[in-house]
Amino acid sequence: MIGPALVNLFRDEAPLATFSMRPAFLEQALRAVRRGEVDVALGLFNQIPPAFVATTLYVEEYCVIARQGHPGIVDGRVDAQTYATVGHVFVGWPDGAFADQTPFDHEAMAATYGVTPGPDQIRTHAYVAQWETAMLMVAASDALADCPRKLASRFAERFGLQLVEPPFKPFPMLVQAVRRASVPDAGLDWLMRKLSAAVSA
């Protein structure tokens with residue numbers, strides 16, 4: 001969502017500078033920032049500890065992705081039974097980050113459909129580390145995946161995917177850039193501004 005525009009901003013404004021990215025989830029990402037191993041963490045964070053400062057980049061919500069022509073999708077929607085039984089690709093680890101998290105209203109789902117999504121009650125085919133991997137796997141199978149809507153919209157045509165309205169109401173999530181609060185750094189100040197600019201590019 002940010003990388004392509006950020007490359008252009010670096011090329012135009014800081015042609016001798018370089019940035020690098022690496023995957024890290026939740027507390028692992030914040031720990032890397034705390035130790036000074038990375039300058040900033042991007043993502044969804046339940047809480048921002050006092051030693052950090054966060055900038056909201058955009059608000060995201062999840063949708064369901066499926067391949068074009070998926071037999072379980074009717075008029076751009078998937079029913080609760082299909083959602084629970086057709087098989088999912090999850091981004092995360094079965095015993096770690098995101099394993100027990102889904103982007104929908106759990107109480108409403110349980111009350112209405114008698115099911116709460118997640119690996120314990122949703123048929124699961126695979127866990128993967130990156131959204132791109134999940135999208136490629138879904139594009140070539142009948143599996144479904146929950147995916148950030150903005151990301152899915154950007155790559156749906158390229159991967160032959162359709163965005164599907166889930167059977168449960170998604171909740172909004174803040175995508176934030178988090179840095180240490182007490183470390184003055186003009187270069188990092190500039191980078192934070194460019195991250196915000198890259199979102200709207």
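At 1% relative accessibility, Tyr83 counts as buried. The model is predicted. Its six aromatic pairs include one formed by Tyr83 and Phe168. The count of disulfides is zero.

**Aromatic contacts**

- The structure holds six aromatic pairs.
- Phe10, Phe19 and Trp190 make up one aromatic cluster.

**Helix H5**

- Ala134, Met135 and Val138 are buried in helix H5 (residues 131-139).
- Viewed down the axis of H5, the buried residues fall within an arc of 100°, so they line one face of the helix.
- An α-helix has 3.6 residues a turn, so residues three or four places apart point the same way.
- The cover over the buried residues of H5 includes strands S3 (62-67), S4 (88-91), S5 (124-128) and S6 (145-148).
- Helix H6 (149-159) and strand S7 also belong to that cover.

**Cysteines**

- A disulfide needs cysteine sulfur atoms within 2.5 Å.
- The sulfur of Cys63 has its closest cysteine sulfur in Cys147, 5.9 Å away, so the two are too far apart for a bond.
- Cys147 is in no disulfide.
- Cys63 is buried, with a relative accessible area of 0%.
- Cys147 is buried, at 1%.

Note on methods. Residues numbered from 1 in each chain as written. Predicted model: local features only at pLDDT ≥ 70, side-chain atom pairs only at ≥ 80, totals over all residues. Heavy atoms only, no water. Phe/Tyr/Trp six-rings, centres within 6.5 Å; stacked < 30°, edge-to-face > 60°. Buried < 20%, exposed > 50% of the residue type's maximum accessible area, 1.4 Å probe, protein only. Helix = DSSP H or I, 4+ residues; strand = E, 2+ residues; numbered from the N terminus. Arc of directions from axis to C-beta. Contact = heavy atoms within 4.5 Å.
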